[in-house]
Amino acid sequence: MTKIAFIGLGTMGGPMARVLRNAGHDVMGMDVSADMRAAFDGAMEPSGAAISQADVVITMLPEGRHVTEVHDTLVRPHATPETRLIDCSTIDVESTKALANAAQAQGFGMLDAPVSGGPAGAETGSLSFMVGGPEEAFQQNLPLLEAMGSKITHFGPSGAGQAAKASHNMICGITAMAVMEGFALADSLGLDLKKFYALCAGAAAQSWTLENRCPIPGVVPESPASNDFDPGFAMRLMAKDLRLAQAAATAMGQETPFGAKAAQDFTSFAETHGDRDFSAFYKHLRDLPDNG
Ligand code: NAD
């Protein structure tokens, strides 16, 4: 049994922490939000005293600034030299490297281990983990990652997990735009969109996004579009991930023009429709009314 301080009990962190507890670990849940604490048995406000008792500290927080603040002011000041640190949040590569360097300077092994698979994957312990950090830290933490996930890939040194996540999500964002534009064109040309979907699903245009985020209500019954664009994966999160990919591309001097356009379009639409599923961008493309 491992004693775990789990910081950030939101949409993803709550179910991940529960999966670890159900696997027999001693999980101390922490969140600044009283609502999130109320939903997790025994949860507390973030506490240095609790962190000093933990074998492992896991963070699942919204953005780089949250993770940096929590690590700088709470985790490193209170962790003991043996404490292992795992950040599962999706944040920028540069902040991750800076945090890993600060952790290493104090002797802590730290992993960046962002995930894909959404709330359903978190509930069922079937997330995909993209991991960066020292091999020794990876091997030590592998059993915990395997409790929460079904596919664990160690990509390399610190930052490599976030690099894989940013690159993967940029493909998803660009593909989403391609699917929505294809349906917008097909609709404008008067095609039967159910027949068009069936064509694409069995031909070269097939993709995860097509099958899970077809933007036409009623075509794929389980899709957010068939449920008034209830997310799914919220537009604001898609916009955030695409901005992280752009930050990484800029830092490396790599041109990613389709990624840049997708980041710009999703960011601008997220200002007014941030809580809708990202496939709701289709309404904007087709200039359809949207009350969401
Ligand atoms: P969320 O907003 O639901 O949860 C974040 C939690 O962190 C909240 O409960 C918030 O109160 C808490 N928090 C914020 N600052 C804190 C602090 N200083 N100390 C303690 N708690 C604090 O977010 P989420 O959907 O669970 O996502 C978490 C991360 O996982 C994000 O980086 C997101 O991009 C990534 N992610 C999300 C999904 C998804 O489908 N939701 C999928 C993959 C990855």
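**Helix packing and the spaces beside it**

Tutor: H8 and H11 are oblique to each other. Keep in mind that this is a predicted model.

Student: Why are H8 and H11 called oblique?

Tutor: The general idea is to take the angle between the two axes and see which class it falls in. Here H8 and H11 pack at an angle of about 120 degrees, and roughly perpendicular covers 65 to 115 while roughly antiparallel needs over 145, so H8 and H11 count as oblique to each other. Their axes are 8 Å apart.

Student: What is the handedness of the crossing of H8 and H11?

Tutor: That crossing is left-handed.

Student: Now the empty space. How do I read that?

Tutor: Rolling a probe the size of a water molecule over the atoms shows where empty space is left. In this structure, a search of the whole model finds 1 cavity of 30 Å³ or more, and the volume of the largest cavity is about 30 Å³.

Student: Which residues line the largest cavity?

Tutor: Its lining is made of Thr90, Ile91, Gln162, Lys165, Ala166, Asn169, Asp241 and Leu244. The elements giving two or more residues to that lining are H8 and H11, with the largest share, 4 residues, coming from H8. Sorted by class, the cavity lining has 3 nonpolar, 3 polar and 2 charged residues.

Student: And what is the volume of the second largest pocket?

Tutor: About 210 Å³. It is lined by 13 residues, and Ala163, Ser167, Ala248, Ala249 and Met252 lie nearest its centre. Helix H5 (93-105), helix H8 (160-188) and helix H11 (235-252) are the elements that give two or more residues to this lining. H11 gives the most, with 5 residues.

Student: How do the pocket's lining residues divide by class?

Tutor: There are 9 nonpolar, 2 polar and 2 charged residues in the lining of the second largest pocket.

Student: Which domains does that lining draw on?

Tutor: At least three residues come from each of domain 1 (3-157) and domain 2 (163-286). To tie things up, the oblique pair H8 and H11 turns up in the lining of the largest cavity and in that of the second largest pocket.

Technical notes. Residues are numbered from 1 along each chain as its sequence is written. This is a predicted model: local features need pLDDT of at least 70, side-chain atom pairs count only at pLDDT 80 or more; totals for chains, interfaces and linings use all residues. Side-chain values use heavy atoms; hydrogens and water are left out. On a 1 Å grid over the protein atoms alone, a cavity is a set of points where a 1.4 Å probe fits but cannot get out, and a pocket is an open set with protein on both sides within 12 Å along at least five of seven lines; lining residues have an atom within 4 Å of a point. Grid points are joined across faces, edges and corners, and a volume is the space filled by probe spheres set on the points. Ala, Val, Leu, Ile, Met, Phe, Trp, Tyr, Cys and Pro count as nonpolar, Asp, Glu, Lys and Arg as charged, and the others, Gly among them, as polar. Domain bounds come from an automatic or database domain assignment. Axes are lines fitted to C-alpha atoms, for helices over the stretch in contact, and angles run from 0 to 180 degrees between N-to-C directions. Angles under 35 degrees count as roughly parallel, over 145 as roughly antiparallel, 65 to 115 as roughly perpendicular and the rest as oblique. A crossing is left-handed if the near helix is turned anticlockwise from the far one by less than a right angle, and right-handed if clockwise.
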